[in-house]
Amino acid sequence: MITRLDMRDGRVVRRENVLTGLRKPHGLVFDPDNQRVLYYAEEHKISRRDLLSGATEKLADLPAGDGHFTRTLGFGPDRRLYVSMGSSCNVCREDDARRAAVWSLNKEGSDFKLFARGLRNSVFFTWHPDTEQIWATDMGRDLLGDDIPPDEVNIVEEGANYGWPICYGK
């Protein structure tokens with residue numbers, strides 16, 4: 001569910017369910033050129049909704065199923081929509097190349113292309129305001145202890161491979 005909260009003096013004074021019946025929603029971002037258009041990601045797809053008209057359009061299918069279901073969304077300085085998709089497992093060779101990677105697409109859903117891979121689960125990302133580089137967290141594999149592997153913050157470069165599942169850390 002995606003809910004709009006009206007705040008007054010730091011308190012919620014009204015709640016409005018904007019979208020219901022969603023499948024594990026996670027990422028959402030407003031169109032930087034039209035603030036009435038909301039882009040949102042569910043485990044299995046990216047859609048956009050015109051909040052004035054209510055018109056909703058599916059833009060892209062995403063892999064669903066095991067593992068990480070979060071789908072972080074953000075518009076880059078290039079006005080492309082970026083989406084990160086975590087791995088389907090702790091350590092494995094992915095059957096679907098869309099997993100454990102960051103992808104980008106035009107805001108209409110066309111030109112869906114790989115940006116960077118080898119990122120097990122980059123749940124959050126943002127762009128540096130001066131350099132316009134994308135910075136992303138990456139959560140390392142599980143079950144090796146409290147300090148191994150370290151979670152990372154990467155400056156994600158187009159075409160790069162950040163090593164998962166073969167290596168981690170430095």
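## Strands and overall form

The protein has 0 helices and 13 strands, where helices (H or I, at least four residues) and strands (E, at least two) are DSSP runs numbered from the N terminus. The pattern read along the sequence is β-β-β-β-β-β-β-β-β-β-β-β-β. This is a predicted model, in which local features need pLDDT of at least 70 and side-chain atom pairs count only at pLDDT 80 or more, while totals for chains, interfaces and linings use all residues. Residues are numbered from 1 along each chain as its sequence is written, and side-chain values use heavy atoms, with hydrogens and water left out.

The C-alpha trace spans about 45 × 35 × 35 Å along its principal axes. A compact globule with 170 residues would have a radius of gyration near 15 Å, and the 17 Å of the protein agrees with this; the radius is taken over C-alpha atoms, and the globule rule is 2.2 Å times the number of residues to the power 0.38.

## Surface and contacts

Of the 170 residues, 41% count as buried. Buried means under 20% relative accessible area, exposed over 50%, and partly exposed in between (1.4 Å probe, protein chains only). The protein exposes about 9,700 Å², of which carbon and sulfur atoms supply 48%; accessible areas come from the Shrake-Rupley method with a 1.4 Å probe, and for residues only the protein chains shown count as cover.

Contact means heavy atoms within 4.5 Å. Among contacts between residues at least 6 apart in sequence, 37% join residues at least 24 apart.

## Nonpolar cores

A nonpolar core is a set of buried Ala, Val, Leu, Ile, Met, Phe, Trp, Tyr and Cys residues joined through side-chain atoms within 4.5 Å. The largest such core holds 16 residues, of which Val29, Tyr39, Ile46, Leu73, Leu81 and Val83 touch the most other members. Two or more residues of this core come from each of strands S4 (34–42), S6 (56–61), S7 (71–75), S8 (81–85) and S9 (101–105). Another core, of 11 residues, lies apart from it, and its members include Tyr82, Val102, Leu119 and Ile134.

Beyond its neighbours within four places in sequence, Leu73 is in contact with several residues, among them Val29, Tyr39, Ile46, Leu81, Val83 and Phe125.

## Cysteines

By the rule that a disulfide is a pair of cysteine sulfur atoms within 2.5 Å, the count comes to 1 disulfide. This disulfide joins Cys89 to Cys92, with an S to S distance of 1.8 Å. The torsion about the S-S bond of Cys89 and Cys92 is about -85°, so the disulfide is left-handed. Cys89 counts as buried because its relative accessibility is 19%, whereas Cys92, at 23%, counts as partly exposed.

Cys167 is in no disulfide, and the nearest cysteine sulfur, that of Cys92, is 15 Å away. With a relative accessible area of 44%, Cys167 is partly exposed.

## A strand pair and a buried lysine

Strands S12 (residues 134–138) and S13 run antiparallel and are joined by 5 bridges; two strands pair if DSSP finds at least two bridges between them. Ile134 stands opposite Val156 in S13. In S13 (residues 152–156), Glu152, Asn154 and Val156 form a covered face, and Val153 and Ile155 an uncovered one.

Lys107 has its place in the loop between S9 and strand S10 (113–117). At 14% relative accessibility, Lys107 counts as buried. Leaving aside neighbours within four places in sequence, Lys107 is in contact with Asp31, Asp33, Tyr39, Arg48, Leu59, Phe75 and Arg79.
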